[in-house]
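Visitor: I am new to this structure and would like to be walked through it. Please show it to me before we start.

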Amino acid sequence: MIDPFALISGFLILCASGLIAFVVRRLVPAALLIGAMVVLASSAAVRFGYFADFAPLLVIYVNGGLMGGLGGFLFAKKAAERSN
């Protein structure tokens with residue numbers, strides 16, 4: 001059974017990481033920002049009692065961050081090519 005909190009927050013992390021990667025447009029700084037956001041979000045969710053354990057939530061957030069970051073980076077690259 002999928003936890004609704006993990007599903008919704010994982011999707012939000014995916015969207016936020018895509019936005020970060022699109023705005024920053026450089027791979028290393030975007031990856032550092034996304035990584036910091038993922039760790040802070042997962043530790044805050046566990047600390048405030050929204051999720052029971054840190055490791056599964058961190059895996060969900062890291063996967064969402066990677067997919068969103070890659071998608072945002074590729075979309076920014078395509079948008080830059082079209083504008084030139």
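Guide: One term is needed at the outset: buried means under 20% relative accessible area, and exposed means over 50%, with partly exposed in between. The model shown is predicted.

Visitor: How many helices and how many strands are there in the protein?
Guide: From the N terminus on, the elements run α-α-α. The C-alpha trace spans about 50 × 25 × 15 Å along its principal axes. The count is three helices and zero strands.

Visitor: What share of the 84 residues counts as buried?
Guide: The accessible surface of the protein comes to about 5,800 Å², and 74% of that belongs to carbon and sulfur atoms. With the cut-off for buried set at under 20% relative accessible area, the share of the 84 residues that counts as buried is 26%.

Visitor: Which residues of helix 1 are buried?
Guide: Helix 1 has 21 residues and reaches 30 Å from its first C-alpha to its last, close to the 30 Å expected. Helix 2 and helix 3 are included in what covers its buried residues. Those buried residues are Ala6, Ser9, Gly10, Ile13, Ser17, Gly18, Ile20 and Ala21.

Visitor: What is the phi of arginine 25?
Guide: Arginine 25 lies in the loop between helix 1 and helix 2, just after helix 1. Its relative accessible area is 45%, so arginine 25 is partly exposed. Although arginine 25 is not a glycine, its phi is positive, at about 65°.

Visitor: How far apart are the end C-alpha atoms of helix 2?
Guide: Helix 2 covers residues 27-47, which makes 21 residues. At 1.5 Å a residue, such a helix should span 30 Å. The prediction agrees with this, because the distance between the end C-alpha atoms is 30 Å.

Visitor: Where do the buried residues of helix 2 lie around its axis?
Guide: The buried residues are Ala30, Ile34, Val38, Ser42 and Ala45. They cover an arc of only 90° around the axis, so they lie on the same side of helix 2. An α-helix has 3.6 residues a turn, so residues three or four places apart point the same way. The elements that the buried residues of helix 2 pack against are helix 1 (4-24) and helix 3 (54-83).

Visitor: Which exposed residues does the face of helix 2 turned away from its buried side carry?
Guide: Leucine 40 lies in helix 2. With a relative accessible area of 59%, leucine 40 is exposed because the cut-off is over 50%. The exposed residues on that face are Val28, Leu32, Leu40 and Arg47.

Visitor: Which residue just after helix 2 takes a positive phi?
Guide: The phi there is about 85°. The residue is glycine 49.

Visitor: Which residues does phenylalanine 51 touch?
Guide: Not counting residues up to four places away in sequence, phenylalanine 51 touches Asp3, Phe5, Ala6, Ala45, Val46, Pro56 and Leu57.

Note on methods:
Residues numbered from 1 in each chain as written. Predicted model: local features only at pLDDT ≥ 70, side-chain atom pairs only at ≥ 80, totals over all residues. Heavy atoms only, no water. Helix = DSSP H or I, 4+ residues; strand = E, 2+ residues; numbered from the N terminus. Expected span 1.5 Å × (residues − 1). Buried < 20%, exposed > 50% of the residue type's maximum accessible area, 1.4 Å probe, protein only. Arc of directions from axis to C-beta. Contact = heavy atoms within 4.5 Å. Areas by Shrake-Rupley, 256 points an atom, 1.4 Å probe, with all protein chains shown as cover.
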